[in-house]
Amino acid sequence: MADVAVQQSVAAAYEPSLFGTYSKKIGMWLFLLSDSLTFGALLYAYSYGRISTPNWPTPFHSSSIINATIMTAFLLTSSLTMVLAVRAAVFGNMRAVQGWLFATMACGIGFVVLHGREWSHLIAEGLTLPVFPSVPGAEANKEFVDVSKTVPQFAATFFGLTGMHMLHVTLGVVYLGVVALRKKFIPILLGLWLLAWLATPSYSPFHYGAHVLLLSAIVCSVILWLKPKVYDSSDIEVAGLYWHFVDLVWMFIFPLVYLMSTRIV
Amino acid sequence: MDAVQVAIAERVAEQHRHHGKGQFFWVWGVLLVITAIEVYLGYQNMEPVRMLSILMGLSLIKAALIIGYFMHMKFELSRMKWITMCSLVFCLAMMCVFFPDAFRILHLGVR
């Protein structure tokens, strides 16, 4: 039996990769293909509702559109900084990699904060879901309350689609943080969780949503404990693929959800 | 990673080294310009289907730029390009089967 044992360390014993790239990257592409079907299903559901509802609301005033445009610019810029991080990694400039990864994370955090602010504003004005607690003392806007009552699928698809995307961006920031700082990122993540939890009022969906950060801190700790390693250029590239995908999805959400529901006065 | 994976990763890294920084800034600029055009169109009082077609067309251009340059797909083997992109487009296109039902509801009402 020993004569036929596979020599794991002999490169020549293996066939070349069918796709001309390493397994981690193919694995990430497969994950992204499956995730694009998740977002595809959500976007199709939104479009289905849009087509089949003649009185589809157009509640987004210029303030919402300006906010979403800035969010788009943040994501596009984050993709540029991410690709520069990958480039720095292949040249072995790890200091520059960290800098570009931090810039990418900053843009991602900026996106989530702007999005969270917009959600809070819309919920306070009455565009809400039954599962969200009511905001005490907030003066509801009749237009938004009517939208929630007459076309409930608008709020459901809006919060479902953008919430799923926001979750992906948040997890992307955590992913990049782990790649950039490894174990040192865990206390920062716990600090961010505490900050998000304590800084949001108890009626805000983000008060409970912040626990995603706690959960990710636990999962990342387990992963880093089980498999401690120094991340190389291939890991940075794979992380970059995920980040660009998050940007890519927003390129469809922005026109479909925001621009197609612009209030023109 | 084993020796084969390290060798492949090094070859991929070598490909990256041949691409200048300039093209990424160029792509980023085009993406921002297309976004500005989309926002401008959002304020034009256009018929929804026409507006949707134009916006989706522009979004597809943006998606192609992101996948091609930022996700490096333009520089992958054609086998990789065709298998991944064709399977994605096919699966997404299959979901279009639901749209005739949405038009039925619009024209006939829910039954």
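These legends describe close-up views of a predicted model.

**View 1. The largest nonpolar core.** This core has 82 residues. Those with the most contacts inside it are Ala85(A), Leu101(A), Leu176(A), Val249(A) and Ile253(A). Helix α9 of chain A, residues 233–258, gives the core its largest share, 17 residues.

**View 2. The surroundings of Ile253(A).** Ile253(A) is among the residues with the most contacts inside the largest nonpolar core. Set aside its neighbours within four places in sequence. Ile253(A) is then in contact with Leu161(A), Thr162(A) and His165(A).

**View 3. Helices α3 and α5 of chain A.** Helix α3 covers residues 94–125, and helix α5 covers residues 152–181. They pack at an angle of about 155 degrees. Their axes are 9 Å apart. Angles over 145 degrees count as roughly antiparallel, so α3(A) and α5(A) are roughly antiparallel to each other. The crossing of α3(A) past α5(A) is left-handed.

**View 4. Where α3(A) meets α5(A).** On the α3(A) side, the residues include Leu101(A), Phe102(A), Met105(A), Gly108(A) and Val112(A). On the α5(A) side, they include Thr162(A), Val169(A), Gly172(A), Val173(A) and Leu176(A). By class, this contact has 12 nonpolar and eight polar residues, with no charged residues.

**View 5. Chain B against chain A.** Here 49 residues of chain B are in contact with 48 residues of chain A. Helices α1 (3–17), α2 (22–42), α3 (48–70), α4 (78–94) and α5 (99–108) of chain B each supply at least two residues of the side that touches chain A. That side of chain B has 34 nonpolar, eight polar and seven charged residues.

Note on methods:
Residues are numbered from 1 along each chain as its sequence is written. Chains are lettered from A and ligands numbered from 1 in the order in which they are written. This is a predicted model: local features need pLDDT of at least 70, side-chain atom pairs count only at pLDDT 80 or more; totals for chains, interfaces and linings use all residues. A nonpolar core is a set of buried Ala, Val, Leu, Ile, Met, Phe, Trp, Tyr and Cys residues joined through C-beta atoms within 7 Å. A residue is buried if 20 or more other C-beta atoms lie within 10 Å of its own, exposed if 12 or fewer, and partly exposed in between; C-beta atoms are placed from the backbone. Helices (H or I, at least four residues) and strands (E, at least two) are DSSP runs, numbered from the N terminus. Two residues are in contact if their C-beta atoms, placed from the backbone, lie within 7 Å. Ala, Val, Leu, Ile, Met, Phe, Trp, Tyr, Cys and Pro count as nonpolar, Asp, Glu, Lys and Arg as charged, and the others, Gly among them, as polar. Axes are lines fitted to C-alpha atoms, for helices over the stretch in contact, and angles run from 0 to 180 degrees between N-to-C directions. Angles under 35 degrees count as roughly parallel, over 145 as roughly antiparallel, 65 to 115 as roughly perpendicular and the rest as oblique. A crossing is left-handed if the near helix is turned anticlockwise from the far one by less than a right angle, and right-handed if clockwise.
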